[in-house]
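Have the structure open while you read.

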Amino acid sequence: MDTATPPLLRKIIHVDMDAFYASVEQRDNPSLLGQPVAVGGAAARGVVAAASYEARAFGVRSAMPSVTALRKCPQLIFVKPRFEVYRAVSQEIRAIFAQYTHLIEPLSLDEAYLDVTENLKGMAIATEIAAEIRARIRATTGLNASAGISYNKFLAKMASDLNKPNGQAVITPKNGPAFVASLPVKKFHGVGPATAEKMQRLGIETGADLRERSLAFLTDHFGKSGAYFYGIARGVDQRAVKPDRVRKSIGAEDTFAQDLIELAAAKAELAPLAAKVWRHAHTHALAAKTVTVKIKYADFQQITRSLTVAHPFAGEHEILAHAERLLEGAFPFRKPVRLLGVTVSKLQPEAEGEARQLDLAMGF
(Lines give C-alpha, C1' and ligand atoms only; values in the text may rest on other atoms or scores of the structure.)
Protein backbone atom coordinates (compact mmCIF):
# COMPACT_ATOMS: atom_id res chain seq x y z
CA MET A 1 0.00 0.00 0.00
CA ASP A 2 1.36 3.38 -0.98
CA THR A 3 1.28 5.68 2.05
CA ALA A 4 3.16 8.52 0.39
CA THR A 5 1.58 11.91 0.96
CA PRO A 6 0.28 13.43 -2.28
CA PRO A 7 1.83 16.76 -3.22
CA LEU A 8 0.05 19.79 -1.84
CA LEU A 9 -2.09 21.47 -4.48
CA ARG A 10 -0.88 25.03 -4.68
CA LYS A 11 -3.05 28.14 -4.83
CA ILE A 12 -1.41 30.79 -7.00
CA ILE A 13 -2.75 34.27 -7.75
CA HIS A 14 -1.41 36.46 -10.53
CA VAL A 15 -2.35 40.11 -9.95
CA ASP A 16 -2.01 42.45 -12.91
CA MET A 17 -2.83 46.15 -12.71
CA ASP A 18 -5.02 47.41 -15.56
CA ALA A 19 -3.15 49.79 -17.92
CA PHE A 20 -1.10 50.76 -14.88
CA TYR A 21 0.96 53.77 -16.00
CA ALA A 22 -1.87 55.24 -18.06
CA SER A 23 -4.40 54.63 -15.26
CA VAL A 24 -2.17 56.46 -12.75
CA GLU A 25 -2.00 59.41 -15.14
CA GLN A 26 -5.78 59.43 -15.61
CA ARG A 27 -6.29 59.19 -11.85
CA ASP A 28 -4.00 62.12 -11.16
CA ASN A 29 -5.31 64.25 -14.04
CA PRO A 30 -9.11 63.86 -14.30
CA SER A 31 -9.15 65.69 -17.65
CA LEU A 32 -7.56 62.55 -19.11
CA LEU A 33 -10.41 60.29 -17.97
CA GLY A 34 -12.12 58.68 -20.93
CA GLN A 35 -9.40 59.93 -23.29
CA PRO A 36 -6.94 57.85 -25.36
CA VAL A 37 -3.71 58.25 -23.40
CA ALA A 38 -0.21 56.99 -24.13
CA VAL A 39 2.63 57.18 -21.65
CA GLY A 40 5.80 57.85 -23.64
CA GLY A 41 7.19 60.37 -26.09
CA ALA A 42 5.51 61.81 -29.16
CA ALA A 43 8.82 62.57 -30.89
CA ALA A 44 9.76 60.93 -34.19
CA ARG A 45 11.69 58.13 -32.47
CA GLY A 46 9.38 57.89 -29.47
CA VAL A 47 7.96 54.64 -28.13
CA VAL A 48 4.69 53.96 -26.30
CA ALA A 49 5.39 52.63 -22.80
CA ALA A 50 1.73 52.11 -21.89
CA ALA A 51 -1.68 52.82 -23.38
CA SER A 52 -5.05 53.43 -21.77
CA TYR A 53 -7.94 51.16 -22.72
CA GLU A 54 -9.40 54.02 -24.74
CA ALA A 55 -6.18 54.09 -26.79
CA ARG A 56 -6.08 50.31 -27.08
CA ALA A 57 -9.47 50.43 -28.79
CA PHE A 58 -7.65 52.08 -31.72
CA GLY A 59 -4.95 49.41 -31.77
CA VAL A 60 -2.35 51.36 -29.78
CA ARG A 61 -0.08 49.03 -27.80
CA SER A 62 2.99 49.27 -25.58
CA ALA A 63 6.37 49.14 -27.38
CA MET A 64 4.72 50.58 -30.50
CA PRO A 65 6.58 53.43 -32.23
CA SER A 66 4.86 56.71 -31.41
CA VAL A 67 4.46 57.65 -35.07
CA THR A 68 2.56 54.39 -35.66
CA ALA A 69 0.39 55.02 -32.60
CA LEU A 70 -0.50 58.50 -33.85
CA ARG A 71 -1.46 57.12 -37.25
CA LYS A 72 -3.82 54.68 -35.58
CA CYS A 73 -5.19 57.31 -33.18
CA PRO A 74 -4.58 60.94 -34.28
CA GLN A 75 -6.23 62.27 -31.11
CA LEU A 76 -3.83 60.29 -28.88
CA ILE A 77 -2.63 62.27 -25.85
CA PHE A 78 1.02 61.63 -24.89
CA VAL A 79 2.07 61.97 -21.25
CA LYS A 80 5.65 61.85 -20.02
CA PRO A 81 6.31 58.93 -17.64
CA ARG A 82 6.64 59.56 -13.91
CA PHE A 83 8.44 56.49 -12.66
CA GLU A 84 8.85 57.81 -9.13
CA VAL A 85 5.04 57.98 -8.86
CA TYR A 86 4.54 54.52 -10.37
CA ARG A 87 7.07 53.05 -7.95
CA ALA A 88 5.36 54.71 -4.98
CA VAL A 89 1.97 53.30 -6.01
CA SER A 90 3.56 49.89 -6.59
CA GLN A 91 4.89 49.92 -3.02
CA GLU A 92 1.37 50.61 -1.73
CA ILE A 93 0.10 47.62 -3.68
CA ARG A 94 2.88 45.34 -2.46
CA ALA A 95 2.15 46.36 1.11
CA ILE A 96 -1.37 45.01 0.57
CA PHE A 97 0.01 41.74 -0.83
CA ALA A 98 2.26 41.38 2.23
CA GLN A 99 -0.77 41.28 4.52
CA TYR A 100 -1.82 38.01 2.87
CA THR A 101 1.42 36.14 2.12
CA HIS A 102 5.18 36.39 2.31
CA LEU A 103 5.50 34.48 -0.96
CA ILE A 104 5.34 37.40 -3.42
CA GLU A 105 7.22 37.36 -6.72
CA PRO A 106 7.06 40.78 -8.39
CA LEU A 107 7.44 40.64 -12.16
CA SER A 108 7.36 44.41 -12.64
CA LEU A 109 5.80 47.43 -10.95
CA ASP A 110 2.33 46.38 -12.07
CA GLU A 111 2.17 42.60 -11.70
CA ALA A 112 3.14 39.85 -9.29
CA TYR A 113 2.59 36.22 -8.39
CA LEU A 114 1.31 35.37 -4.90
CA ASP A 115 1.35 31.89 -3.39
CA VAL A 116 -1.59 31.85 -0.96
CA THR A 117 -1.65 28.08 -0.36
CA GLU A 118 -0.91 28.85 3.28
CA ASN A 119 -1.75 32.51 3.81
CA LEU A 120 -1.51 34.93 6.70
CA LYS A 121 -5.27 35.44 6.88
CA GLY A 122 -6.08 31.75 7.14
CA MET A 123 -8.50 32.07 4.21
CA ALA A 124 -9.31 28.76 2.50
CA ILE A 125 -10.60 30.03 -0.86
CA ALA A 126 -8.09 31.69 -3.18
CA THR A 127 -10.77 33.40 -5.29
CA GLU A 128 -11.99 35.20 -2.16
CA ILE A 129 -8.43 36.29 -1.37
CA ALA A 130 -8.02 37.67 -4.90
CA ALA A 131 -11.32 39.55 -4.72
CA GLU A 132 -10.40 41.04 -1.34
CA ILE A 133 -6.95 42.11 -2.55
CA ARG A 134 -8.43 43.76 -5.65
CA ALA A 135 -10.99 45.62 -3.53
CA ARG A 136 -8.27 46.87 -1.18
CA ILE A 137 -6.11 48.01 -4.09
CA ARG A 138 -9.07 49.96 -5.45
CA ALA A 139 -9.82 51.53 -2.06
CA THR A 140 -6.18 52.41 -1.38
CA THR A 141 -4.98 53.60 -4.78
CA GLY A 142 -8.14 54.30 -6.79
CA LEU A 143 -6.89 51.88 -9.46
CA ASN A 144 -8.29 48.67 -10.87
CA ALA A 145 -6.52 45.32 -10.83
CA SER A 146 -7.31 42.04 -12.53
CA ALA A 147 -6.38 38.62 -11.17
CA GLY A 148 -5.98 35.05 -12.27
CA ILE A 149 -6.23 32.14 -9.85
CA SER A 150 -4.98 28.64 -10.51
CA TYR A 151 -2.84 25.78 -9.26
CA ASN A 152 0.33 26.92 -11.06
CA LYS A 153 2.00 30.09 -12.32
CA PHE A 154 1.41 29.53 -16.03
CA LEU A 155 -2.35 29.08 -15.68
CA ALA A 156 -2.69 31.89 -13.11
CA LYS A 157 -0.98 34.23 -15.59
CA MET A 158 -3.26 33.09 -18.42
CA ALA A 159 -6.34 33.43 -16.21
CA SER A 160 -5.57 37.04 -15.31
CA ASP A 161 -6.13 38.03 -18.95
CA LEU A 162 -9.54 36.36 -19.26
CA ASN A 163 -11.73 39.00 -17.62
CA LYS A 164 -9.69 42.18 -18.03
CA PRO A 165 -10.15 44.95 -17.11
CA ASN A 166 -11.20 44.92 -13.46
CA GLY A 167 -12.08 41.25 -13.28
CA GLN A 168 -10.77 37.89 -12.22
CA ALA A 169 -10.96 34.31 -13.41
CA VAL A 170 -10.06 30.90 -12.03
CA ILE A 171 -8.71 27.83 -13.83
CA THR A 172 -9.20 24.73 -11.69
CA PRO A 173 -7.12 21.54 -11.79
CA LYS A 174 -10.07 19.82 -13.45
CA ASN A 175 -10.29 22.44 -16.22
CA GLY A 176 -6.59 23.21 -16.68
CA PRO A 177 -5.64 20.64 -19.36
CA ALA A 178 -8.77 21.36 -21.44
CA PHE A 179 -8.18 25.10 -21.22
CA VAL A 180 -4.63 24.71 -22.50
CA ALA A 181 -5.71 22.35 -25.27
CA SER A 182 -8.12 24.88 -26.77
CA LEU A 183 -5.75 27.86 -26.56
CA PRO A 184 -3.70 29.06 -29.57
CA VAL A 185 0.00 28.71 -28.74
CA LYS A 186 0.59 32.33 -29.82
CA LYS A 187 -1.39 33.36 -26.72
CA PHE A 188 0.72 31.26 -24.34
CA HIS A 189 2.73 33.26 -21.83
CA GLY A 190 6.37 32.58 -22.66
CA VAL A 191 5.77 31.99 -26.37
CA GLY A 192 6.92 35.04 -28.32
CA PRO A 193 6.16 35.85 -31.95
CA ALA A 194 9.27 34.11 -33.29
CA THR A 195 8.60 30.93 -31.29
CA ALA A 196 4.92 30.96 -32.27
CA GLU A 197 5.94 31.27 -35.91
CA LYS A 198 8.35 28.35 -35.56
CA MET A 199 5.66 26.25 -33.88
CA GLN A 200 3.28 27.06 -36.70
CA ARG A 201 5.84 25.86 -39.24
CA LEU A 202 5.99 22.60 -37.28
CA GLY A 203 2.21 22.28 -37.38
CA ILE A 204 1.68 23.36 -33.78
CA GLU A 205 -1.10 25.93 -33.52
CA THR A 206 -2.97 24.98 -30.34
CA GLY A 207 -2.23 23.50 -26.96
CA ALA A 208 -3.69 20.24 -28.20
CA ASP A 209 -1.18 20.21 -31.08
CA LEU A 210 1.64 20.91 -28.63
CA ARG A 211 0.54 18.06 -26.36
CA GLU A 212 0.83 15.60 -29.25
CA ARG A 213 4.58 16.28 -29.58
CA SER A 214 7.02 14.22 -27.56
CA LEU A 215 9.47 15.65 -25.05
CA ALA A 216 12.33 14.58 -27.33
CA PHE A 217 10.77 16.40 -30.29
CA LEU A 218 10.23 19.63 -28.33
CA THR A 219 13.71 19.54 -26.80
CA ASP A 220 15.24 18.93 -30.21
CA HIS A 221 13.46 21.95 -31.71
CA PHE A 222 13.31 24.35 -28.74
CA GLY A 223 16.26 23.40 -26.54
CA LYS A 224 15.84 23.96 -22.81
CA SER A 225 12.40 25.48 -23.36
CA GLY A 226 11.18 22.15 -24.73
CA ALA A 227 10.61 20.69 -21.26
CA TYR A 228 8.64 23.78 -20.22
CA PHE A 229 6.44 23.55 -23.34
CA TYR A 230 5.92 19.83 -22.75
CA GLY A 231 4.69 20.52 -19.23
CA ILE A 232 2.39 23.47 -19.89
CA ALA A 233 0.77 21.61 -22.81
CA ARG A 234 -0.50 19.28 -20.08
CA GLY A 235 -1.39 22.02 -17.63
CA VAL A 236 1.74 21.28 -15.58
CA ASP A 237 4.11 23.98 -14.30
CA GLN A 238 6.25 23.17 -11.28
CA ARG A 239 7.89 26.59 -10.94
CA ALA A 240 7.63 27.95 -7.41
CA VAL A 241 6.74 31.52 -6.52
CA LYS A 242 10.15 33.00 -5.70
CA PRO A 243 10.06 36.11 -3.51
CA ASP A 244 13.80 36.76 -3.86
CA ARG A 245 14.30 36.68 -7.60
CA VAL A 246 17.63 38.27 -8.49
CA ARG A 247 17.86 39.51 -12.04
CA LYS A 248 21.29 39.23 -13.64
CA SER A 249 20.34 40.77 -16.96
CA ILE A 250 17.48 42.31 -18.93
CA GLY A 251 17.22 41.70 -22.63
CA ALA A 252 15.03 42.00 -25.70
CA GLU A 253 15.39 40.57 -29.18
CA ASP A 254 13.53 40.42 -32.45
CA THR A 255 13.50 37.99 -35.36
CA PHE A 256 12.84 39.70 -38.68
CA ALA A 257 10.43 38.68 -41.40
CA GLN A 258 13.18 39.48 -43.91
CA ASP A 259 16.90 39.18 -43.22
CA LEU A 260 18.81 42.45 -42.90
CA ILE A 261 21.80 43.33 -45.03
CA GLU A 262 22.29 47.10 -44.65
CA LEU A 263 23.73 48.71 -41.51
CA ALA A 264 21.13 51.50 -41.47
CA ALA A 265 18.26 49.02 -41.45
CA ALA A 266 19.88 47.04 -38.65
CA LYS A 267 20.46 50.19 -36.59
CA ALA A 268 16.79 51.13 -36.95
CA GLU A 269 15.83 47.80 -35.40
CA LEU A 270 17.97 48.48 -32.32
CA ALA A 271 15.90 51.49 -31.21
CA PRO A 272 12.76 49.61 -30.02
CA LEU A 273 14.96 46.96 -28.37
CA ALA A 274 16.90 49.60 -26.42
CA ALA A 275 13.60 51.25 -25.43
CA LYS A 276 12.17 47.97 -24.15
CA VAL A 277 15.29 47.11 -22.17
CA TRP A 278 15.48 50.58 -20.63
CA ARG A 279 11.81 50.53 -19.69
CA HIS A 280 12.15 47.15 -17.95
CA ALA A 281 15.27 48.22 -16.09
CA HIS A 282 13.72 51.49 -14.98
CA THR A 283 10.44 49.98 -13.83
CA HIS A 284 12.44 47.55 -11.69
CA ALA A 285 14.50 50.48 -10.32
CA LEU A 286 17.67 48.90 -11.73
CA ALA A 287 20.71 50.49 -13.35
CA ALA A 288 23.13 48.73 -15.70
CA LYS A 289 26.76 49.17 -16.72
CA THR A 290 27.13 46.59 -19.52
CA VAL A 291 25.34 46.43 -22.86
CA THR A 292 25.53 43.43 -25.18
CA VAL A 293 24.37 43.16 -28.79
CA LYS A 294 23.51 39.71 -30.16
CA ILE A 295 23.59 39.12 -33.90
CA LYS A 296 22.17 35.91 -35.34
CA TYR A 297 22.84 35.29 -39.01
CA ALA A 298 20.68 33.57 -41.62
CA ASP A 299 22.61 30.32 -41.06
CA PHE A 300 21.71 30.51 -37.32
CA GLN A 301 25.31 31.18 -36.29
CA GLN A 302 25.49 34.02 -33.79
CA ILE A 303 27.98 36.42 -32.26
CA THR A 304 27.81 38.83 -29.35
CA ARG A 305 29.60 42.11 -28.71
CA SER A 306 29.69 43.76 -25.26
CA LEU A 307 30.77 47.02 -23.70
CA THR A 308 31.06 47.94 -20.01
CA VAL A 309 31.14 51.55 -18.83
CA ALA A 310 32.33 53.07 -15.57
CA HIS A 311 28.97 54.56 -14.55
CA PRO A 312 25.42 53.21 -15.02
CA PHE A 313 23.69 54.16 -18.25
CA ALA A 314 21.72 57.38 -17.86
CA GLY A 315 18.95 56.34 -20.19
CA GLU A 316 17.72 54.70 -23.34
CA HIS A 317 19.70 57.06 -25.56
CA GLU A 318 22.97 55.92 -24.00
CA ILE A 319 22.13 52.23 -24.30
CA LEU A 320 21.16 52.76 -27.93
CA ALA A 321 24.30 54.75 -28.76
CA HIS A 322 26.60 52.04 -27.38
CA ALA A 323 24.56 49.29 -29.04
CA GLU A 324 24.89 51.06 -32.39
CA ARG A 325 28.65 51.31 -32.00
CA LEU A 326 28.86 47.60 -31.19
CA LEU A 327 26.79 46.82 -34.26
CA GLU A 328 29.03 49.03 -36.41
CA GLY A 329 32.01 47.01 -35.20
CA ALA A 330 30.46 43.85 -36.65
CA PHE A 331 29.76 45.42 -40.04
CA PRO A 332 30.02 44.45 -42.84
CA PHE A 333 27.90 41.45 -41.82
CA ARG A 334 29.37 38.16 -42.93
CA LYS A 335 25.85 36.94 -43.80
CA PRO A 336 22.34 38.45 -43.73
CA VAL A 337 21.04 39.06 -40.20
CA ARG A 338 17.88 37.27 -39.07
CA LEU A 339 17.81 38.38 -35.40
CA LEU A 340 19.15 41.20 -33.25
CA GLY A 341 19.14 41.39 -29.47
CA VAL A 342 20.09 43.99 -26.85
CA THR A 343 20.85 43.00 -23.26
CA VAL A 344 22.00 45.03 -20.27
CA SER A 345 23.79 43.45 -17.32
CA LYS A 346 25.92 44.26 -14.29
CA LEU A 347 22.68 45.37 -12.70
CA GLN A 348 22.49 47.36 -9.49
CA PRO A 349 19.73 49.23 -7.65
CA GLU A 350 19.21 52.79 -8.78
CA ALA A 351 20.66 55.21 -6.25
CA GLU A 352 18.08 56.68 -3.90
CA GLY A 353 17.27 60.25 -4.86
CA GLU A 354 19.56 60.13 -7.88
CA ALA A 355 18.42 62.47 -10.62
CA ARG A 356 17.69 59.99 -13.38
CA GLN A 357 16.97 60.97 -16.96
CA LEU A 358 13.52 59.62 -17.74
CA ASP A 359 14.06 59.50 -21.44
CA LEU A 360 11.84 56.50 -22.03
CA ALA A 361 11.46 57.76 -25.58
CA MET A 362 13.65 59.98 -27.70
CA GLY A 363 12.79 63.64 -27.70
CA PHE A 364 12.00 64.23 -24.03
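Predicted model: local features only at pLDDT ≥ 70, side-chain atom pairs only at ≥ 80, totals over all residues.

Phe-83 and Tyr-86 are both buried. You'll find the two of them in helix α4, which covers residues 83–97. They sit three residues apart there, about one turn of the helix.

Now for a second pair, Phe-154 with Tyr-228. Their ring centres are 6.5 Å apart and the planes meet at 85 degrees, so this pair is edge-to-face. Phe-154 belongs to helix α6 and Tyr-228 to helix α11, so the pair ties together parts that are 74 residues apart in sequence.

| Pair | Centre to centre | Angle between planes |
|---|---|---|
| Phe-154 and Tyr-228 | 6.5 Å | 85 degrees |

How many aromatic pairs turn up in the whole structure? The search finds ten.

Phe-229 brings us back to helix α11, which spans residues 225–232. The buried residues of α11 are Gly-226, Phe-229, Gly-231 and Ile-232. What do these buried residues pack against? Their neighbours are α6 (153–159), α7 (176–182), α8 (193–201), α9 (207–211) and α10 (215–222).

The peptide bond running from Lys-164 to Pro-165 is cis, with omega near -5 degrees. Pro-165 is in the loop between α6 and β8 (168–170). Another cis peptide bond joins Phe-331 and Pro-332, where omega is about 5 degrees. For Pro-332, look in the loop between α13 (316–329) and β13 (337–345).

Two alanines also have a positive phi. Ala-19 has a phi of about 45 degrees, although it is not a glycine. Ala-19 is in the loop between β1 (12–17) and α1 (20–28), and it is buried, with a relative accessible area of 5%. Ala-63 is likewise not a glycine, and its positive phi is about 75 degrees. Ala-63 lies in the loop between α2 (53–56) and α3 (66–72) and counts as partly exposed, with 35% relative accessibility.

Time to zoom out. The chain's secondary structure comes to 13 helices and 14 strands. Its radius of gyration is 22 Å, close to the 21 Å that the globule rule gives for 364 residues, so the chain is as compact as a globular protein of that length. Along the principal axes, the C-alpha atoms fill a box of roughly 65 × 55 × 40 Å. Of the 364 residues, 47% count as buried. If you take contacts between residues at least 6 apart in sequence, 65% of them join residues at least 24 apart.

Finally, the surface and the charges. The accessible surface comes to about 17,500 Å², and carbon and sulfur atoms account for 53% of that. The chain has 46 positive and 37 negative charges, and their mean positions are 2 Å apart.

Definitions and conventions:
Residues numbered from 1 in each chain as written. Heavy atoms only, no water. Helix = DSSP H or I, 4+ residues; strand = E, 2+ residues; numbered from the N terminus. Rg over C-alpha atoms; globule rule 2.2 N^0.38 Å. Buried < 20%, exposed > 50% of the residue type's maximum accessible area, 1.4 Å probe, protein only. Contact = heavy atoms within 4.5 Å. Areas by Shrake-Rupley, 256 points an atom, 1.4 Å probe, with all protein chains shown as cover. Lys, Arg positive; Asp, Glu negative; His and termini not counted. Charge placed at Lys NZ, Arg CZ, Asp CG, Glu CD. Phe/Tyr/Trp six-rings, centres within 6.5 Å; stacked < 30°, edge-to-face > 60°.
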